[in-house]
Amino acid sequence: MRLHQYSCLVACFAYKAKQSSSFLQGVRSQFSSDARNTRISPFRSNLLFASTMSTPTTFIATVHNPLLTDWSSQPFQLPPFQQIQVEHFAPALQEAMQIHLQELEEIAQHPDPSFESTIAAFDRAGALLDRVTGVYSNLCSSQNPPELQAVQTQMAPLLSRHASQRYQIPGLFTAIDRVYQQRDTLQLTPEQQRLVERIHLDFVRAGAALSAEQQAEVSDIQAQLATLQTQFQQNVMAEEASWTLEINDWSGCPASLIEAAKAAAEERGHTENQTFMTLSRSMVEPFLTYSDNRQLRQQVWEAWVARGEQTNLALTKQILQLRQRLAQIHGYPNFAAFQCADRMAQTPEKVNELLENVWVRAKEAANQERKMLEEFVQDENVCLEGGLQAWDWRYYAEKVRQTKYDLDESLLRPYFTLNAAREALFAVSNKLFGLAYTKRPDLQVYHPDVDVYEVREKDRLIAIFLHDNFARSHKSGGAWMSEFRSQSRNLPLGSDPILQVPVVINNNNFAKGSEHTFLSYDDCHTLFHEFGHAHHGMLSNADYGRLASTNVLTDFVELPSQLMEHWFDQTSVLKQYCKHYETGEPIPDNLLEKLRAARSFQQGFRTVEYSICALLDMKMHQLDDYTDFDMMVFEKQELERLGMPAAIVMRHRPAHFSHLFATSMYAAGYYVYQWAEVLDADAFAAFEESGNIFDPEVARKAREFIYGAGNTRAPEELFRSFRGRDPKIDFMLKKKGLVSTN
């Protein structure tokens, strides 16, 4: 599936402030792309003075550490990126954690627990830590040189232990439970009642109701997981950064790919005449699609799918064992059951029902597609030693596409520049929600490639938006959304109103061109997908940070992102904004017709390579004993059991599957993209049924119930409020061209 062709690592960071315990098990970005989603409460300036009451050493660190100083002189109270050095992070994190615990102790000691003194105060607590981790976690994904990776390794277990400790403050859960038991008599608003229930559940799932001995074991497990998951992601990042292959034969490849290979060589200090392949997906997939050199395709493919095998397989077993023990402590038979209990799906059985329904249809479609490719090879009198292989699939699929639909995707690229796609992106946002984007080149952030925008609705400042679009060394792969500051109205009296304004970032990994950056059709969908996540953050309209933005159940978080993708498929959008980079001519009608006709082409392949990942994810997390577990054997046996179509591999093989092993958020949860796809296809049908893809009333409801509500209401209630009924799977199957398959 197109919307699973990137690692949307939303919410995949070392520390997840005020999130549920299932979220706190993680290290994103990334990812996530869930992706991506760090809960960042506004900074309270008086904390600076509180922090100076510590030791003389701490006082010096506070005074001279830009992460701990007052940012009110900064535009929009953005971080002072130019002043921040790697050595600032560890002392700032330690100081902020200490202050957070002091705040929680004060809440626990309040003589009369109430909603305001306990629940709302807990939601506000940790503002300084949120602010510091907002910078830290984003840079660990977007700009993470070896020096910062060393800090990340050092701090991962400390942050994890702090995340556990904050649920174990003596008397705190007692106070929260008291408010929880009285919630129906306190005359709370619906959002306040939801906040009480979610925070109480966060404590329960973090182990607050366990014995002291069990709590200690949970803390140890979480610290070990944080270390192992950080190591897993750093191993993937190191391998992707270090592997290159000099290529002299670019026959069949588009000029834009060759230009990206030259840029990759220059970035690594080679001469301007050299061209290098890297393991960036934005280079690998086009190369496998267009290169005429089968031997080189195989070499690149083998390096691509083997990422992490030498370093990460042992880590995956340790991570799975720790997760299983965590589930047992909480009274669940396996980690999949523990994860699903706080999701829309509720049980692994419901997840498997959806996945298996789609798997049967997709497998049949993929086998038919393979026969089509094999027939093409035979008709062309091509001799493929060993038959059609995985490194051949994309290449011959593109040949069949050109033959059957007369569509050469390389002809689309002159119309799909990054600038054109971004213009379309901002225009769709404006037509749907009235948002206008003003570029601020005067605002310096952490890298020159990052663009900064003011986002306004008429005269009202809605958000600050950062766009970090290009692949580079020391940046995680994939695409994701996250936040430096999350929306919340739960601020201390007298706070600067700017602190209610979210600071949202989208990360992509496009191959940067020297003058123009050309995107594939799938790249454009990635751009829109992450922008959907960005809208979830920018349009958030919650009183309390715990319920704001993307702090929703994991199988709802991909609905806003996948819904946004639909607008890039609309003829009116493509015609108006996708213009030839040289002539300015709009994309031709005949090319659009071919694109539409070919839309369901290879949906079997795309659905299989995603669905197999989700199926193996659920299966491996439903095991109850990993004593003799071997990941390579497990993968092989499961592929055979499920009848994996020949010449297709998992989109993310276990040794580099960051969604599962660089964070716990998507563990036993990779299915959420397909779950949300049922929701997004049904939701976009509401626009189509209105006869206007920008219908104001439908857009208003989408803003209120999908993009703005956050976690203020249960996700199934929000969908019913938008659509007037429960979701139907038919729209998703129709979109994929799978409805006719029995």
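Modeller: We start with strands and pairing. Helices (H or I, at least four residues) and strands (E, at least two) are DSSP runs, numbered from the N terminus. Two strands pair if DSSP finds at least two bridges between them. The model is predicted: local features need pLDDT of at least 70, side-chain atom pairs count only at pLDDT 80 or more, and totals for chains, interfaces and linings use all residues. Residues are numbered from 1 along each chain as its sequence is written, and side-chain values use heavy atoms, with hydrogens and water left out.

Biologist: What is the order of the five strands in the open sheet?

Modeller: The order is E3-E4-E5-E7-E6, and the pairing is mixed. Strand E3 (435–439) and strand E6 (480–485) are the edge strands, since each pairs on one side only. From one strand to the next, the twist averages 30°. Here axes are lines fitted to C-alpha atoms, for helices over the stretch in contact, and angles run from 0 to 180 degrees between N-to-C directions.

Biologist: How many bridges join E3 to strand E4?

Modeller: Five bridges join E3 to E4 (residues 451–457), and the two run antiparallel. Threonine 438 stands opposite glutamate 454 in E4.

Biologist: Which helices pack on the sheet?

Modeller: Contact means heavy atoms within 4.5 Å. Helix H6 (residues 127–142) touches strand E5 (460–470), E6 and strand E7 (503–510), and its direction makes about 150° with that of E6. Helix H18 (residues 418–433) touches E3, E4, E5 and E7, and its direction makes about 140° with that of E3.

Biologist: Which residues of helix H22 are buried?

Modeller: Buried means under 20% relative accessible area, exposed over 50%, partly exposed in between (1.4 Å probe, protein chains only). In H22 (residues 589–597), the buried residues are Leu591, Leu592, Lys594 and Leu595. Seen down the axis of H22, these fall within an arc of 160°, so they line one face of the helix. The arc is that of the directions from the helix axis to the C-beta atoms. An α-helix has 3.6 residues a turn, so residues three or four places apart point the same way. The buried residues of H22 pack against helix H19 (521–538) and helix H21 (571–577).

Biologist: Into which domains is the protein divided?

Modeller: Domain bounds come from an automatic or database domain assignment. They give domain 1 (77–209), domain 2 (243–306) and domain 3 (412–588 + 689–736). The C-alpha centres of domain 2 and domain 3 lie 30 Å apart. Their contact takes ten residues from domain 2 and 13 residues from domain 3.
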